Amino acid sequence: MPCDDLLAEARKVRERAYAPFSRFRVGAAARSADGRIFSACNVESSSYGLSICAERAAVAKAVSEGCRKLVEIAIVADTERPCPPCGACRQLIYELGPDARVVMANLQGDVKVAQIADLLPGAFTAEYMRREPERDEEA
Ligand code: THU
């Protein structure tokens, strides 16, 4: 498969997951439009709500390195069925790659592929925030 390299990176970085609380390790690898790969694992906190998903960490790495366009992202976890991205991650993936392919996988090698636009129909985008500036109310 053309995404084998991405899956291999996601599987590799998953080993570095810091998930002592959930014990659920996730690896993600994003490919930018210029062909670079950014991989990351989930990073948890003893203050549980601060935990960062692997996908969002990978997107943050890409943006930090100057990449604003993602074409593909792979996600790997030890799940029965290929692991899908959570809702928050879908939003951020869509933001940087509205046409991105999402490759979901588990450790047994089951793979499922979808477009992010199909995983997040009716996505909120910055377009919705564009409106005329409010005029001062007339006295
Ligand atoms: N997790 C991810 O890394 N990606 C997802 O899309 C779903 C959940 C992580 C967050 C947390 O560290 C652990 O999996 C359990 O929710």
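A polar contact, as I use it here, is a pair of N or O atoms within 3.5 Å; within protein, one must be able to donate a hydrogen and the other to accept it, and residues adjacent in sequence count only if both atoms are side-chain atoms.

**Ground rules.** My model is predicted: local features need pLDDT of at least 70, side-chain atom pairs count only at pLDDT 80 or more, and totals for chains, interfaces and linings use all residues. I number residues from 1 along each chain as its sequence is written, and side-chain values use heavy atoms, with hydrogens and water left out.

I looked up E55 and found a polar side-chain atom 2.6 Å from an oxygen atom of the ligand. Taken alone, the ligand exposes 370 Å², and the protein buries 77% of that (Shrake-Rupley method, 1.4 Å probe).

E44 also puts a polar side-chain atom 2.5 Å from a ligand oxygen. With A54 I had to look at the backbone, where a polar atom is 2.9 Å from an oxygen atom of the ligand.

Then I listed the residues around the ligand (a heavy atom within 4 Å). Among them are S22, F24, N42 and C86.

**N106.** Next I went to strand β4, residues 101-106, and picked out N106. Is N106 buried or exposed? I noted N106 as buried, because its relative accessible area is 2% (buried means under 20%, exposed over 50%, partly exposed in between, with a 1.4 Å probe and protein chains only).

The side chain of N106 makes a polar contact of 2.9 Å with the side chain of D110. I also found a polar side-chain atom of N106 3.1 Å from the backbone nitrogen of G109.

Terms used:
Helix = DSSP H or I, 4+ residues; strand = E, 2+ residues; numbered from the N terminus.
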